[in-house]
Amino acid sequence: MKKIRTRFAPSPTGYMHIGNLRTALYAYLFAKSQHGDFILRIEDTDRARYVADAVEFIEKTLAAAKIIPDEGPHHGGEFGPYVQSERMEIYKKYAEQLVESGHAYRCFCVNDEPENNSDDKKFGGYNRHCRDLPAAEIEKNLAEGKPYVIRQKMPLTGETTFFDVLHGNITIANSELEDQVLLKSDGMPTYNFANVVDDHLMEISHIIRGTEFITSTPKHVLLYKFFGWELPTFIHLAPVMGKSPDGTVSKLSKRHGATSFNDLIEAGYLPEVITNYVALLGWNPKTNQEIFSMNELIEKFNLEGLSKSPAVFDYDKLDWMSGEYFKAMTDENFAEAADKFFGALDENLSAKKVYLSSLLKTRVNRLSQIPDTIKFLQVMPPLDAELFINKRNKVTVEKSIEIITPALKILEGVENWTVDALNEKIFAFVEESGLKMGTVMWPLRIALSGQKVTPGGVTEILFLLGREESFRRLNSALEFLKKS
RNA sequence: GGCGCUAUCGUCAAGUGGUUAAGACACCGCCCUUUCACGGCGGGUUCGUGGGUUCAAAUCCCGCUAGCGUCACCA
């Protein structure tokens, strides 16, 4: 059996859309699950869209996502070069071959010459003016040095059918196919030509790409036929959609929020969370497992689980999955991953990063939520008497004063400012007071944090704040309450 | 508009002629609780529509509708 070889062939735009990342992931997973090769090929045949350093950007992004090419611009391989702009002579040679065999022809029409374009869009806007140009005229044009493109000579009748793993047989009438440009006047191939030549030369066995290529596939199939090449297996993936606030669904784009791998990293999602989530957006393992490491993904991936209908990117589910990863991390690993999101911490908090991480990792879904979550530890938010009033725990402003006052005394007696010691003292205090735990804790939390919700309980907050700052806040809260 | 693809809860989805139509996220309710989180329990007219085929259809066929894609010297 032939070796399985898949490829990811992005154009170097300097942006890794989630949809593209998923295509790369599936191509990678399929190749690896079959002990095959995954190739990275850069399709930079559009000079106008060239972006500096985009190749490096793509390689870095794939590396971050743990999608490792076996061959590519900087990964070596026997089938290079892997950048299309470096393969121009190859395309030229094959295009000429097609002209000789009568399956392509030179077209001297100027791009926007109106008489050569039909309004009815019948042939994609081109009226096949040069399709049967007399040999003498071609010679004359060539001699004059007229620029030209090479166009594919489509059959006028009949139909072309190809097999797609997901969609089965797809048939399109040849009359629908335009005489597309194979080689541009600047000598660069078009996508439709280059990808066929390269996929064949690079021995790609399975072409995994988006559905937007379904309608151009018959043109590619015809090219394989003209060359007498064996057809690869096609797998056209459904697109990744985004949901707008108004409820409508369309192809995932910027207006839906973060849509590139990098956007998501900046939003504080772990790379492995992104690949895990994206893998499940359009592929189903047929079990109830949802958390997968890359190795498990490789092990379990199969084409049968691929879905042929579009999937909507769901940020809520991404958040959930992200939280699951955090909970499974050690405090140390979390602290490390979260490091740049902590911002500038004072000496006290800086020393307690790992402890802080133990509290944070169960309550945060995105690392970018960290700054807001821990801000109160660094700057005491303004108090509001309303905050102290809590019906459920039967707490009022007066009650708060009655609790904080003796609590301060108790805390003064704490020698080791540790969570355990603080717990011991406070629990004892609660018991003596005859009050409910919640009744005692509520006003203390508010006094210490100015928030109803905090990452951790009162004793954890006391510990994080440190002795000095805790007393400062408790005392000033007491003063505040007495004035209210 | 032509051509093509798609259609199961709000979302991801299982399902391949006979199921009480899984599971997850989100949502709602209840419980637990030191707030939040975590955890536990419970909840919801989900097979776009109209015709067939069949003893039996979410599953097969046809039409319709809707969404998406494509019709470049972009990929």
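**Figure 1. Asp46 and its salt bridge to Arg49 in the predicted model.** Asp46 is partly exposed, because its relative accessibility is 34%. Its side chain forms a salt bridge with the side chain of Arg49, with an N to O distance of 3.5 Å. Arg49 counts as exposed, because its relative accessibility is 52%. Over the whole structure, a search finds 24 salt bridges.

**Figure 2. The salt bridge between Asp186 and Arg47.** The side chains of these two residues, Asp186 and Arg47, meet at 3.0 Å, N to O. Asp186 belongs to the loop between strand S7 (181-183) and helix H5 (191-201), and Arg47 to the loop between strand S2 (37-40) and helix H2 (54-64), so the pair ties together parts 139 residues apart in sequence. The relative accessible area of Asp186 is 28%, which means that Asp186 is partly exposed. Arg47, at 59% relative accessibility, is exposed.

**Figure 3. The salt bridge between Asp198 and Arg87, and the network around it.** An N to O distance of 2.8 Å separates the side chains of Asp198 and Arg87 in this salt bridge. Asp198 is in helix H5, whereas Arg87 is in the loop between H2 and helix H3 (88-100); the pair therefore ties together parts that are 111 residues apart in sequence. Asp198 and Arg87 are both buried. Through salt bridges with shared partners, Arg7, Arg41, Glu43, Arg87, Asp198 and Asp199 are joined into one network.

Figure 4. The side chain of Arg22 instead reaches a backbone oxygen, that of Leu281, at 2.6 Å. Beyond its neighbours within four places in sequence, Arg22 is in contact with Leu237, Ala238, Pro239, Val240, Val278, Leu281 and Gly282.

**Figure 5. The three-stranded open sheet S11-S10-S12.** Pairing in this sheet is mixed, and the strand order is S11-S10-S12. Strands S11 (249-251) and S12 (311-312) stand at the edges with a single partner strand each, so one side of each has no neighbour in the sheet. Strand S10 (residues 240-243) pairs with S12 in the parallel sense, over two bridges. Val240 has Ala311 of S12 as its bridge partner. Val240 is also among the residues in contact with Arg22.

**Figure 6. Helix H8 and what covers it.** Helix H8 (residues 271-280) is largely enclosed by the rest of the structure, because seven of its 10 residues are buried. The buried residues are Val273, Ile274, Thr275, Asn276, Tyr277, Val278 and Ala279. Their cover includes H1, helix H7 (261-266), H9, S12 and helix H10 (315-328). Val278 is one of the residues that Arg22 contacts. After H8 comes Gly282, with a positive phi near 120°; Gly282 is likewise in contact with Arg22.

**Figure 7. The largest nonpolar core, seen around Ile67.** The core holds 104 residues, of which Ile67, Phe313 and Ile370 touch the most other members. H1 gives the most to this core, with 10 residues. Leaving out residues up to four places away in sequence, Ile67 touches Leu21, Ala24, Leu25, Tyr28, Phe38, Leu62 and Met294. Another core, of 32 residues, lies apart from the largest one, and its members include Phe162, Ala194, Val221 and Phe227.

**Figure 8. Glu296 in helix H9.** Helix H9 covers residues 294-300, with Glu296 among them. Glu296 is partly exposed, because its relative accessible area is 28%. Its contacts, neighbours within four places in sequence aside, are Gln289 and Ile291. The side chains of Glu296 and Gln289 are joined by a polar contact of 3.3 Å. Glu296 and Glu43 are 253 residues apart along the chain, and their C-alpha atoms are separated by 30 Å. Glu43 belongs to the salt-bridge network that also holds Arg87 and Asp198.

Terms used
Residues numbered from 1 in each chain as written. Chains lettered and ligands numbered in written order. Predicted model: local features only at pLDDT ≥ 70, side-chain atom pairs only at ≥ 80, totals over all residues. Heavy atoms only, no water. Polar contact = N/O pair within 3.5 Å; in protein donor to acceptor, adjacent residues only side chain to side chain. Contact = heavy atoms within 4.5 Å. Pairing = 2+ DSSP bridges. Helix = DSSP H or I, 4+ residues; strand = E, 2+ residues; numbered from the N terminus. Core = buried A, V, L, I, M, F, W, Y, C linked by side-chain atoms within 4.5 Å. Buried < 20%, exposed > 50% of the residue type's maximum accessible area, 1.4 Å probe, protein only. Salt bridge = Lys/Arg side-chain N within 4 Å of Asp/Glu carboxyl O.
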